[in-house]
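Subject: Handing over a structure, with notes on what was found

Dear colleague,

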Amino acid sequence: MESISASERQEMISRITHEALHLELRDRYAMDAEVIARWQAGERDEVFASVKPWCDEVRAGVAAGKTYRRASVVSEPLSVYQRFCVAANAVKVEAGEDIRVVPRRLLSAIGVPGNDFWLLDRRVVVFGIFSGDDERVDIQWTEEHAVVGFCLRAFESIWALGIPQPEYELI
């Protein structure tokens with residue numbers, strides 16, 4: 001596997017021709033606590049403005065016939081941070097991304113990769129490598145068929161267990 005930069009990863013995602021699948025396995029990613037506090041105080045539009053570029057890309061991609069699916073694995077009951085993420089994902093759903101929330105308790109019998117990943121056009125896998133402090137420390141990619149196949153099978157198995165984002169919000 002080869003390491004790439006965050007901007008190179010974004011370029012790869014932007015160049016998909018038909019599909020981007022994203023698996024999120026972590027309970028937490030590094031984030032400024034102030035952002036969550038502002039969200040709790042009701043500043044939804046201001047806080048979620050940071051996802052606008054992604055939402056714009058998704059809208060344009062969906063209009064061009066592309067598909068974006070995200071499976072977010074969560075531990076329940078949700079932490080404040082995870083509730084924030086579910087709320088942020090609702091904005092992405094409004095833009096056209098298909099998101100399912102998957103309770104971690106359902107994954108015990110499924111083979112899951114050790115890291116979050118993007119699977120792009122079913123031919124490239126891009127892994128996010130994180131530290132114990134929730135910081136991304138590396139981004140690696142591969143086109144190795146066995147890895148692509150494993151990630152696709154894992155994603156589809158997890159996806160089948162997921163609850164569509166709008167329905168999960170009501171639970």
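Predicted model: local features only at pLDDT ≥ 70, side-chain atom pairs only at ≥ 80, totals over all residues.

On the α2 side the contact is made by Val-35, Ile-36, Trp-39 and Gln-40, while α5 contributes Val-80, Tyr-81, Arg-83, Phe-84 and Ala-87. Sorted by class, this contact of α2 with α5 has seven nonpolar residues, one polar and one charged.

Helix α5 (residues 80-95) also meets helix α4 (residues 52-63), and here the axes come within 8 Å and cross at roughly 30 degrees. Because angles under 35 degrees count as roughly parallel, that makes α4 roughly parallel to α5. The crossing in which α4 passes α5 is right-handed. Trp-54, Cys-55, Val-58 and Arg-59 are the residues of α4 that take part, and they meet Val-91, Lys-92 and Ala-95 in α5. By class, the contact of α4 with α5 has five nonpolar and two charged residues, with no polar ones.

Turning to the strands, you will find an open sheet formed by eight of them, in the order β1-β7-β6-β5-β2-β3-β4-β8, with mixed pairing. At the edges stand β1 (2-3) and β8 (163-164), each of which has a single partner strand, so one side of each is left without a neighbour in the sheet. Helix α1 (residues 6-14) packs on this sheet, where it touches β5, β6 and β7 (136-142), and the direction of α1 makes about 40 degrees with that of β7. Helix α4, which was described above for its contact with α5, also lies across β3 (67-74) and β5, running at about 135 degrees to β3.

Several of the strand pairings can be followed residue by residue. Strand β5 (residues 116-120) and strand β6 (residues 124-130) run antiparallel and are joined by five bridges, with Trp-118 standing opposite Val-126 in β6.

Some details of the backbone also deserve a careful look. Most residues other than glycine have a negative phi, and most peptide bonds are trans. Asp-121, although not a glycine, has a positive phi of about 55 degrees, and this residue lies in the loop between β5 and β6. Asp-134 likewise takes a positive phi, near 75 degrees, in the hairpin of β6 and β7, where five residues lie between the strands. The peptide bond from Glu-76 to Pro-77 is cis, with omega near 0 degrees, and Pro-77 lies in the loop between β3 and α5.

Finally, for the chain as a whole, there are seven helices and eight strands. The radius of gyration is 16 Å, close to the 16 Å that the globule rule gives for 171 residues, so the chain is as compact as a globular protein of that length. Along its principal axes, the C-alpha trace spans about 45 × 35 × 30 Å.

Definitions and conventions
Residues numbered from 1 in each chain as written. Heavy atoms only, no water. Axes fitted to C-alpha atoms, helices over the stretch in contact; angles between N-to-C directions. Helix = DSSP H or I, 4+ residues; strand = E, 2+ residues; numbered from the N terminus. Parallel < 35°, antiparallel > 145°, perpendicular 65-115°, else oblique. Left-handed = near helix turned anticlockwise from the far one by under 90°. Contact = heavy atoms within 4.5 Å. Nonpolar A, V, L, I, M, F, W, Y, C, P; charged D, E, K, R; others polar. Pairing = 2+ DSSP bridges. Rg over C-alpha atoms; globule rule 2.2 N^0.38 Å.
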